[in-house]
Amino acid sequence: NMLYLYIKKKQQEVVGFLEANKIDFQQMDIAGDEDNRKWMRENVPGEKKPQNGIPLPPQIFNEERYCGDFESFFSAKEENIIYSFLGLAPPPGTKVRTAVLPQGPFI
């Protein structure tokens with residue numbers, strides 16, 4: 001199944017990055033655990049859900065806080081803002097860019 005391989009490759013990339021950077025994580029099985037699947041579907045924000053309403057893994061959370069999907073993870077990694085994306089403090093000595101909004105009035 002091509003979709004399965006596509007998802008598996010993305011999951012492996014996320015897991016590999018987290019392991020390489022010694023970031024603690026827990027994988028949640030949504031294929032074999034209906035409670036986990038239901039939790040994920042309920043906790044992905046509406047604007048991040050596809051039209052059919054069923055978000056595909058990997059979806060990344062920090063506890064209850066939704067961080068993003070694979071595309072936003074990949075972008076944060078490329079832009080070197082992965083720790084803020086994950087809601088984590090960077091390790092000491094890490095050179096990290098922080099994404100900030102420009103100063104000015106909010107409308």
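Which element gives the largest share of the lining of the largest pocket? That share, 7 residues, comes from α1. The model is predicted, so local features need pLDDT of at least 70 and side-chain atom pairs pLDDT 80 or more, while totals for chains, interfaces and linings use all residues. Residues are numbered from 1 along each chain as its sequence is written, and side-chain values use heavy atoms, without hydrogens and water.

**Largest pocket**
- The largest pocket (an open set of 1 Å grid points with protein on both sides within 12 Å along at least five of seven lines) holds about 1,200 Å³ of space.
- Its lining (residues with an atom within 4 Å of a point) has 35 residues, and the closest to the centre are Gln-26, Gln-27, Met-28, Gln-59 and Phe-61.
- Two or more lining residues come from each of α1, α2 (34–43) and β1 (59–62); helices are DSSP runs of H or I with at least four residues, strands runs of E with at least two.

**Aromatic pairs**
- There are 6 aromatic pairs, that is, rings of Phe, Tyr or Trp (its six-membered ring) with centres within 6.5 Å.
- Phe-17 and Phe-73 pair edge-to-face (planes over 60 degrees apart), at 5.6 Å centre to centre and 85° between the planes.
- Phe-17 lies in α1 (residues 2–20) and Phe-73 in α3 (residues 70–78), so this pair ties together parts 56 residues apart in sequence.
- Phe-17, at 16% relative accessible area, is buried (under 20%, with a 1.4 Å probe and protein chains only), and Phe-73 is buried at 0%.
- Phe-61 and Tyr-66 are both buried.

Technical notes. Phe/Tyr/Trp six-rings, centres within 6.5 Å; stacked < 30°, edge-to-face > 60°. Buried < 20%, exposed > 50% of the residue type's maximum accessible area, 1.4 Å probe, protein only. 1 Å grid on protein atoms, 1.4 Å probe; cavity = no way out; pocket = protein on both sides within 12 Å on 5 of 7 lines; lining within 4 Å. Points joined across faces, edges and corners; volume = space filled by probe spheres on them.
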